[in-house]
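Thank you all for coming.

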Amino acid sequence: MKLEKIIKGITVNEIIGDMAQEISGINMDSRLIEPGHIFIAVKGTQTDGHTYIQKAIEKGARTVVCENLPETLIENVTYIKVNDTEDVVGKLATTFYGDPTSKLELVGVTGTNGKTTIATLLYNMFRKFGYKTGLISTVCNYIDEEAIPTDHTTPDPITLNKLLGRMADEGCKYAFMEVSSHSVAQKRIGGLKFAGGIFTNLTRDHLDYHKTVENYLKAKKAFFDSLPKTAFALTNLDDKNGLVMTQNTKAKVHTYSLRSLSDFKGKVLEDGFEGMLLDINNVEVNVQFIGRFNASNLLAVYGTACLLGKKTEEVLLALSTLRPVAGRFDSLRSPKGYTAIVDYAHTPDALENVLNAIHEVLNGKGNVITVVGAGGNRDKGKRPLMAQEAVKQSDKVIITSDNPRFEEPQEIINDMLARLTKEDMRKVISIADRKEAIRTACMLAQAKDVILVAGKGHENYQEIKGIKHHFDDKEVLRDIFANE
């Protein structure tokens, strides 16, 4: 593709060099540059891409997009100066990869909790309907049946457009995508056209990056502010920020709720560890999910499918066949008669939701033992809040290690214990070794009890000092059950 065509959609301050050259690729990582590529020098949170311009040119870059021109300009290299390189990456990538979101229906899901569940269930549902469908999520990306491993909730703009481009080329009609607050703040979704956006909820998370809850809210809201008038915005009325998110959107606003009058209204009629009986818009449906938070997620899935033009009967039938997402309220039955639940809950609110769901089903007929930790090098303020939430709703709590990253596990545990009272501490023990913590919980459990192993869910590793060691909560539980 010619350079002059690629840059048509961006505002340029200055151009030095040949605009007719053929471009073979686009990158903002100098290590990935190949001959004929555009290198975009982005000022990131860790490094400034401008310091790698020379390296990119040495590797074959023939065009450099930057905010500040280098002191020495190399002959036969085209320099394009813009105000904000972070802002143009997505737009350039969208053009280079053939504007993929003009060829498929892309729906974004944002919020603190529920993103993975909703996006994955929509992907599974639309494949059941017979469509080729794409998924971009925390757990894994999919181009219809093909799994593509992922490192981030939302990939960088170039990877994202390349992925969406492949989806479009391979005939995907729909794509469902988790939209993280980071991706909005860092303009990773710039240039994409969304057919719809879903808001789940907003509670404290990622304050290590956003610094305040207000900034975090603004990042989420910016996604809805950018939706076109041709799109829909589906928001959760049960969250106090539900209508805040959509107050400036050009998209057509629709609502869902378990408590209020809304376009998509739901109610839990019966629940158990095998599933729930729901009333959705006055029609009853059995589902294989547990807890009010999942009832809310399923309402969002139902509403989205209806807004994408599917018949209500068809959607309800598909809902009844869907199964929970890996690592989200994943239950295992012990030979001793207790239940273990593995869940990704890693915020105070998510922990509260999962524990509420457990109590709704247990109805006082067993004890709850919670195994929980907190990630290292992330928002420290939520650590004591998570411990307090676990203590409030559990009969026994084992504070353990999660992904300590570059922190000492015991220091993270100490942060979690910091605000617990003497009374609280009577039901708390701390075991830094996660495997031993899970084993101890199983030793303490009696028939009819429930063990919640929270924080890691689908993850099959523990990140320690920059290295990911194999670790899978479900695997550990199965090994323990095999020897009971």
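This is a predicted model: local features need pLDDT of at least 70, side-chain atom pairs count only at pLDDT 80 or more; totals for chains, interfaces and linings use all residues.

Let me begin with a definition: a charge sits over a ring if NZ of Lys or CZ of Arg is within 6 Å of the ring centre and within 35 degrees of the ring normal. With that in mind, please look at Y461, where K456 lies over the face of the ring at 5.0 Å from its centre, and where the charged end of K468 also sits over the ring, 4.4 Å from the centre.

Residues are numbered from 1 along each chain as its sequence is written, and side-chain values use heavy atoms, with hydrogens and water left out.

Turning to the aromatic rings, the structure holds 14 aromatic pairs, where rings of Phe, Tyr and Trp (its six-membered ring) pair if their centres lie within 6.5 Å, and planes under 30 degrees apart count as stacked, over 60 as edge-to-face and the rest as tilted. One of these is the tilted pair of F126 and F176, 5.3 Å centre to centre with 50° between the planes. Because F126 lies in helix 4 (residues 115-128) and F176 in strand 10 (residues 174-178), this pair ties together parts that are 50 residues apart in sequence; helices (H or I, at least four residues) and strands (E, at least two) are DSSP runs, numbered from the N terminus. Ring pairs also link F126 and F176 with F129, Y131 and Y174 into a cluster.
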